[in-house]
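The following exercises concern the overall form of the chains and the contacts between their parts. Please work through each task before reading its solution.

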Amino acid sequence: MNDLTLIRKNLFRKKLRAILLTFSIMIAFLIFGALGAFYNVWTAGVDLAAANRLITVNRINFTQDMPIAYYSRVQSVQGVENVSHANWFGGYYQDPRNFVQTFAVEPETWLSVYPEMVMPDDQRAAFITDRTCLLVGADLAAQFEWSLGDRIPLNSNIWQQNDGSSDWDFNICAIFDGAEETAPSNYAVFHYEYYNESLAFNRDRIGWMVVTTTGSDINDAVIREVDALFANSSAETETTTEAAFNKAFLEQVGNIAMILLSVIGAAFATILMIVGTTMIMAINERTKEIAVMKTLGFPSPRIFRMVLAESVLLSFVGGLVGLGLATLIVNGAAGALAGFLPGLSMPMDVVGIALGLMLALGLITGVGPALAAQRLSIIDAFNKH
Amino acid sequence: MFSQTLAVTMINLRSIPQRWALSLATVFSIALVVAVLLGFLAMANGFRATLSSTGSDDVAIMLRGGSQAELNSGLSLDQQRLIEEAPGIARDAEGEAIVSGELYVIVDGIKRSSQTEANLPLRGVGAAAPSLRDNFSIVEGRMFEVGSNELLVGQSVQREFEGFDLGQSIRLGTNEWVVVGTFSTGGSVFESEIWADLGTIQNLYQRGTSIQSIRAQLSSPEAIEELRTYAENEPRLNLDINNEVEYFAEQAGGTSDLIMFLGWPLAIAMAVGALAGAWNTMYSSVDTRMKEIATLRAIGFSGSSAAIGTMVESLLLAALGGLVGALAVYLVFDGISASTLGSGFTQVVFSFAVTSDAVFGGIILALIVGFLGGFVPALRAARVPLLAVHRSS
Amino acid sequence: MTALYTLTDLSKRYTRGKESITIFEQLDMTIDQGDFISIMGPSGSGKTTLLNLLGGIDRPSSGAVDCEGTRVDKLSEGKLAKWRSQHVGFIFQFYNLMPTLSAAQNVELPLLLTNLSGKERKRRVETALDIVGILDRKGHRPAQLSGGQQQRVGIARAIVADPKVLLCDEPTGDLDRNTADEVLETLQLLNRELNKTIVMVTHDPAAAGYASRQLNLDKGRFVETGAA
């Protein structure tokens, strides 16, 4: 027997009570883990953004386009390493409900501004040379069960070809994956030339440009210079860092962080109250036993530590089970949500914060009872009975 | 039997102060569960209410076939002329078909709440546009003039975004505009839009004479079939034709369903957590009164009256929690204005709506928690051994 | 005979509200090594308070409690706890066993305050249980034991760390006559065979009869009533 035996026996003295408390702590950490993983993927675009990557869009709004001529003018700006450009294709496969995120891009430069898109060298070469190649992300390929060499049509809900049709034939000649697990691979890209040449209207326009600088310290200078190039033209531009652009886009949906924080806050307020009051009650019930321990010579600091350890143990038991369940749920949902939220997994920093919260919850709910136990006067405790 | 139960229940309730901290924790944890649920439902209902109050079944909206959304669509002036001649379209006093060709571009506005840029629809409309919106009225100022750079701003835009006060001039992209009026459409989604003259928009954004959508007043809701038949038989028209009610209902679906699908599981998970708390509270309620219950049993009270007393206490705490939660959400959230990205890829401003249905659902959830939390402890109360009378503590 | 305890000019007062209650004043007493003292007296005479002062769980208002040269009344809280664990064994009227622990674990509790190895602790626990005659029940929890058996576990817990003195507060107050006699005989045995000094507070004249020195505490004064 040692102190841990005593702590454990005290904690599980009333089994049902201990189980119920563990259960409610588990739920709170389940919610925290699941929402934390969700939020991590939701903001992955901000976190994954390369520090030296800039996005140039039409100043009116990023849905407005600009002339293709801008592309070569930006290339000559000092401090620019690479430039590529893209158009939103609005693609779908067979049925308008089968939305396929597709961009028409300048192929070679696209791969150099997005080095996190990885694929075998022969596929990379095939994509650059084959005009009708569709470079498909691994998650997207899995979703539609496409494989290398498939010939598929994609429809656009925006663009039409010269002949009035809106379906475009593609040859899947390359499949890319994200260099990191959270890097998205739920989209496809193809040659701008193929797109532009067959357009019925709106030719020679590009949607936006992606610019990499030679170093993130000169981002501000490059941003100023690029936007100055097109000032007072009919299509002024607005250049921002990729992180800022992605963040602004997420903000459009709403203050998701605040909603999630409120829910997590409510869940934790609940367990703080339930566990806190129950711990106070549990220690109250043991007043006399604690007095006996003190009489036997157990020093007050040791009693303090034992009571605190009890609530911390409770918090970790419930918390770890909850976090484990959250991981199972997140991994289970990752496949089903790959198209919508690619790279869903339990991130290490959420685990870290959860462990911190477990410790904090244990300490907060335990410190009051532990202090009460430490200060307990033997004489008063015996006189009460 | 009834008076027995009543007596035991009263004894139960009078003993709550002995466990005030635990009872309060139960009430608040159930309140938080209900608050989270109602918060999500208020969001979903508010968003749905905004979109479903939009559109009427005798207005047809026409887009290019397969384009799905106004933003993707493109139509010509010739096609609008063909629609003006179509059957099933209502005509005004002068015999003109009530048809409005419209075009919108997305511009950036600054959201007051976050100070970030967000997509706003700048819609170019003609003279017929107001008559095609139910409850349209100009709240402040006047209509823009044809060919001018004047803006008529929806009330919601003015509320949620900066720089759209009457008389103010505002730069959207490269162009300067002047706000000359504010309009209301009774809370519908059009209030999240900025209107300007169609010709001005076509000109400034190099759209020639093209438009994106055609709205038309139908002579009756059923007349949409005549219109469809006409369009199908006209080779120059490749259109998707819907009535506005269907069109907006489809748009509302995704977002509000998503909120609901998030809100309910979260609330249920939290309810299960609170259930553990309620159970614990009721368990200690029975525990601390073991001797008292046994004494009552010994002098002839029935086991079921002890059980019912415990159950009533549990349900009462739960109901109180439910009411506190509902009231808090009502006071804090009801009517709060928020905006999100709608399916038109632009901001839709809506107000949180705490509905009586949602409150009812929340209270039911609270009572379920109370019932399940009280059930086992109540059984235990009914089975307290008579010998517990002699227990020392 | 060497003196184990020397109490000098001992006073104890409580303040209850505005009222000051004097339990005893200027009390002098010596307890010798190997004494078995019983203290009787009416309720409120200060019997338990005296026991608490001897055990170092209460402090006098003035005066000195000296135990083998240690001024018990002057020790800090932490030192006092350590002193108790090494010098004093407590035996309570209601046994005060930990309900979640087995008999053996209850007895082992004071040994957690020592550096003894697990094996040595086990040996000592079994010896203590054997001395009080309850080794066969070592795996039982208190609720599974009778009152007399629980008190035996209580006595085993008190002697396991081998203290010099046992302080007993109404050790047989909750037991029937026969069981009480058995427990008292065990105490007598511990006094005679293991040379434990015992101070026992009791209401029961028959219990007091087992002591070698019988004191009566009344109105804060001792009256020696007899010696065996």
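**Exercise 1.** What percentage of the 393 residues in chain B is buried?

*Solution.* The model is predicted: local features require pLDDT of at least 70 and side-chain atom pairs pLDDT 80 or more, while totals for chains, interfaces and linings use all residues. Residues are numbered from 1 along each chain as its sequence is written, chains are lettered from A and ligands numbered from 1 in the order in which they are written.

Step 1. A residue is buried if 20 or more other C-beta atoms, placed from the backbone, lie within 10 Å of its own.

Step 2. By this criterion, buried residues form 50% of chain B.

**Exercise 2.** Describe the secondary structure and the extent of chain B.

*Solution.* Step 1. Chain B contains 10 helices and 12 strands, where helices (H or I, at least four residues) and strands (E, at least two) are DSSP runs numbered from the N terminus.

Step 2. Its radius of gyration, taken over C-alpha atoms, is 30 Å, well over the 21 Å from the globule rule for 393 residues, so chain B is more spread out than a compact globule. The globule rule is 2.2 Å times the number of residues to the power 0.38.

Step 3. Along the principal axes, the C-alpha atoms of chain B occupy a box of roughly 95 × 45 × 35 Å.

**Exercise 3.** Carry out the corresponding analysis for chain C.

*Solution.* Step 1. Chain C has 7 helices and 10 strands.

Step 2. The radius of gyration of chain C is 17 Å, close to the 17 Å given by the globule rule for 228 residues, so chain C is as compact as a globular protein of that length.

Step 3. The C-alpha trace of chain C spans about 50 × 40 × 40 Å along its principal axes, and 48% of its 228 residues count as buried.

**Exercise 4.** Which helix gives the most residues to the side of chain A that touches chain B?

*Solution.* Step 1. Two residues are in contact if their C-beta atoms, placed from the backbone, lie within 7 Å. The contact takes 40 residues from chain A and 41 residues from chain B.

Step 2. On the chain A side, α2 (15-42), α10 (242-253) and α11 (256-285) each supply at least two residues.

Step 3. α11(A) gives the most, with 12 residues.

**Exercise 5.** How far apart do the C-alpha centres of domain 1 and domain 2 of chain A lie?

*Solution.* Step 1. An automatic or database domain assignment gives domain 1 (3-45 + 255-383) and domain 2 (65-234) of chain A.

Step 2. Their C-alpha centres lie 48 Å apart.

Technical notes: Buried ≥ 20, exposed ≤ 12 C-beta atoms within 10 Å, placed from the backbone.
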